[in-house]
Amino acid sequence: MAYTKIKLVNLASNNELPIFRVLIDTLNISMNEAQRLIDTSKVLCNGQIIKQKNAQIQGLIELVKYESKPRGIKPVFENENFALFDKESGVLSHPNGRHCKYSLCDEIWHLWGKKACVAHRLDKQTSGLILVAKNQFTAKKLKKMFENKEIHKEYLALVRGKTALNFSVNAPLALSKKYDDIKTRMQICPVSKGGKETKSEFERLEFFQTHNVSLLLCKPKTGRQHQLRLHLFHVKHSILGETLYGLSKPEIENILDEKLSLQELQKLCGASRLCLHSYRLKFRFENEEFDFYSQKDIKTEFLNALA
């Protein structure tokens, strides 16, 4: 995804206006849309990002615009309302800032326009099935279905050690409150201290003696951020390729900044990718039943990623 700057207006030195008024008048948009552009750092004055909608400005006003750079990835299913992709590990589901070079949205917006969007998120390193809404009506409906647990999700994970055949983890989660922590990292936290009830169920499908790893079928009963990753780390069966839990902040930052070679990543995390895959999505939409399974040979892909 390329980011290009578009000149909106060049205000004379004797003509100072609040930035929100410049955006509304120049782009013919609402106050809410103007605020969204400012909040997402897409408005610049003389090369500097504008943070406040009431900022009094003069000079060259520019707008940062996304330009999709699709790679030709096609959905594995689509109808008039939604589409389904089988995302590769390492691909963002949504752009994460001005320095993002590519995300699944490059394909989505190229195919169906800016009103299309992912209906849920997968972490960058998590692969597998992800739903895309083609219009705003479908987006609202699918997101509400995810919130109401009306969409059944199953994942496959390759984890350290030999697990029990069947087990569950019921441990509440909250965003880490450590001021110097990685901002996306979660923590086990009692409900009395702000944690949210979180439950996951697991079934061991196969144990690989040579590597001392287990292939699990994972069923999240809630939809918290990093739920499966943290629950499995919590019970000492962390996912191979785990890049957040069990590592130090400098190690995580080196991974996020892509400073490690493939060999260094394998040595540090046990695998060259996070061995977690969105395997199944089952739901009812507009009086029709859908039950999707990923067709990838993910077991082989996981084993090939091991150090």
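Helix 5 (227-234) is followed by Lys236, whose phi is positive, near 65°. Helices here are DSSP runs of H or I with at least four residues, strands are E runs of at least two, and both are numbered from the N terminus. The model is predicted, so that local features need pLDDT of at least 70 and side-chain atom pairs count only at pLDDT 80 or more, while totals for chains, interfaces and linings use all residues. Residues are numbered from 1 along each chain as its sequence is written, and side-chain values use heavy atoms, with hydrogens and water left out.

Helix 5 is mostly covered, with 6 of its 8 residues buried (under 20% relative accessible area; exposed is over 50% and partly exposed lies in between, with a 1.4 Å probe and protein chains only). The buried residues are Gln227, Leu228, Arg229, Leu230, His231 and Leu232.

Leu232 also belongs to the largest nonpolar core, which has 38 residues; Ile108, Leu158, Phe202, Leu232 and Ile239 touch the most other members. A nonpolar core is a set of buried Ala, Val, Leu, Ile, Met, Phe, Trp, Tyr and Cys residues joined through side-chain atoms within 4.5 Å. Elements that each supply at least two residues of this core include helix 3 (104-112), strand 11 (152-160), strand 15 (199-208), helix 5 and helix 8 (298-304). Apart from this core lies another, of 17 residues, among them Cys117, Leu129, Met145 and Leu281. Beyond its neighbours within four places in sequence, Leu158 is in contact (heavy atoms within 4.5 Å) with residues including Phe208, Val213, Ile239, Cys275 and Phe302.

Helix 5 and strand 14 (186-188) each supply at least two residues of the lining of the second largest pocket. On a 1 Å grid over the protein atoms alone, a pocket is an open set of points where a 1.4 Å probe fits, with protein on both sides within 12 Å along at least five of seven lines, and lining residues have an atom within 4 Å of a point. About 200 Å³ of space lies in this pocket, a volume being the space filled by probe spheres set on the points, which are joined across faces, edges and corners. Of its 14 lining residues, Lys178, Asp181, Arg185, Met186 and Gln187 lie nearest the centre.

The whole structure contains 0 disulfides (pairs of cysteine sulfur atoms within 2.5 Å). The sulfur of Cys105 is 7.9 Å from the closest cysteine sulfur, in Cys117, and therefore too far for a bond. Cys105 is buried, at 0% relative accessible area, and Cys117 is likewise buried, at 19%.
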